[in-house]
Amino acid sequence: MRTITWDPEIPVIRMIDQRLLPEELVFIDLHTPEAVASAIRQMSIRGAPAIGAAAAYGLALAGIQSIAQTSQALMRDLETAAELLQATRPTAKNLSWALNRLRKSALDSFEDGPETMRQRMVEEAQLLADEDVEINQRIGEYGSSLIQDGDQVIHHCNTGALATVDYGTALGVIRTAHEQGKRVHVLVDETRPRLQGSRLTAWELSQYGIPYEIISDNAAGYFLARGLVSAVFVGADRVAANGDVANKIGTYMLALAAKDNHVPLYCAVPTSTVDLEVSSGADIPIEERDPSEVLGLQIAGRITAPEGSSARNPAFDITPNRLITSFITEVGILPPPYTDTLANAVRKAQPR
Ligand code: MRU
C-alpha cells in the first residue's frame, strides 16, 4: 500500500491523510494543485520524499488542468503552480528537487508541443514515485548491515512508508533488519509537537510486527547514558554539502546525547535530499510552524499551557556533521569527510 498514488483515469492524487492516524486510516482524493499544496502545508502528507512525490504529482496535475494551447503558455502555468507548491514547506530539499525534475521533463519535450509535455510530466511523476520505493529498499539493504541481532535502537520522528512513497528510509533500515530475521527493538521518540513518532512510527511498527516502546523525547538521554542503545537512526529533510543535517526538531539534542555516550547516529537519506548548493547547515531555511501546534496539546482533556501563552515552533534543527557517524544512501554507506563522499554519491546516483 503506497502513501500516495495517482489514478490516471480521473485524474486524481490519492493519499493517506496522516493527520488522522493512528485512529483512522483514511485516503483522501485531491483534484487540484491547490489542494495538494494545502495537504502538504497541513501535513496530511509529510516526510521529505513523500512531499517530493506529492509536489511532482501536483505539478503533473497542473499541466493536465492547464488550458494552454502552446508550450510557452503551458510553461507559464506550470511556473505558477510550481511556485505555489514550493512555498508550502521550505526545508525539504526533495520538494525543489522533484519540481525541478518535472520542469525539466516538460522543457525536454517543449518542441513537441503541450500535449506531449503533459504526457511526459505524468510519466516522470510516476517514475519518480516508483524510483523512490526502489531507492528506499536499497537504503534498507545497505543500512541493515549496521543492525545486529538483539539490538535496541532509537528512532526519531517518522521516516517510514508514510514519509515516503513506500518502505521508508531510516525506518526502512530497521524494517529490512527485521525482515532478515534479526531481533530488533525500537525506542520510538514520540516527537513533539506533532507526535509523528508515537502516532505514525509506532503505528507502522505495529503493522510490521516489530517490537517497540514509545518514549518521550526527553527520555532518550536516559537510555543512551545507561548503555541500553546500540544505535540511533534518523532521516533528513535536507543535507548540506558538508554533511550538516536539517531534520525534525530534537534531532540535534539526540545527536549530542548519542555522541556523549559513544553511540553511533546514522542518517538515512536518498541522494535527492542532499543539497550540494548549500555549503553548510547555516544556509538551510528552517520552517517555523504555527504556535498552536505547541500550545494545543491536551492531557486528559485539560489544556497544558496557560491561556494567552506564546510559543515558538521551529519544525527542524541542524545537526552538525561531526555528530553523524555515517550516511546511509541508495549508493552505499558514506563515511566522513562528507564534502567528498556526499558529492561522489550524488554524482553516482544522479548522473544526469
Ligand atoms: O515535519 P515532518 O513530519 O515532515 O518531518 C519529517 C522528518 O523530519 C523526517 O525525518 C524527514 O523528512 C525524513 S523522512 C524519510
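A polar contact here is a pair of N or O atoms within 3.5 Å; within protein, one must be able to donate a hydrogen and the other to accept it, and residues adjacent in sequence count only if both atoms are side-chain atoms. With that in hand, start at the ligand: a polar side-chain atom of Asn 247 sits 2.6 Å from one of the ligand's oxygen atoms. This is a predicted model, where local features need pLDDT of at least 70 and side-chain atom pairs count only at pLDDT 80 or more, while totals for chains, interfaces and linings use all residues. Residues are numbered from 1 along each chain as its sequence is written, and side-chain values use heavy atoms, with hydrogens and water left out.

Back at the ligand, side-chain N or O atoms also come within 2.8 Å for Gln 196 and 2.7 Å for Lys 248, in each case to a ligand oxygen. On its own the ligand exposes 420 Å², and the protein buries 99% of that (Shrake-Rupley areas, 1.4 Å probe; for residues, only the protein chains shown count as cover).

Now for the packing. Helices (H or I, at least four residues) and strands (E, at least two) are DSSP runs numbered from the N terminus. Leu 59 touches residues including Leu 78, Leu 99 and Met 121, leaving aside those up to four places away in sequence; contact means heavy atoms within 4.5 Å.

Helix H6 (residues 170-179) is largely enclosed by the rest of the structure, because eight of its ten residues are buried. Buried means under 20% relative accessible area, exposed over 50%, and partly exposed in between (1.4 Å probe, protein chains only). Just after H6, Gly 181 takes a positive phi of about 95 degrees.

Finally, the charges: there are 20 salt bridges in the whole structure, each a side-chain nitrogen of Lys or Arg within 4 Å of a carboxyl oxygen of Asp or Glu. Asp 130 pairs with Arg 2 at 2.9 Å between the closest N and O atoms. Asp 130 lies in helix H5 and Arg 2 in the segment before S1, so this bridge ties together parts 128 residues apart in sequence.
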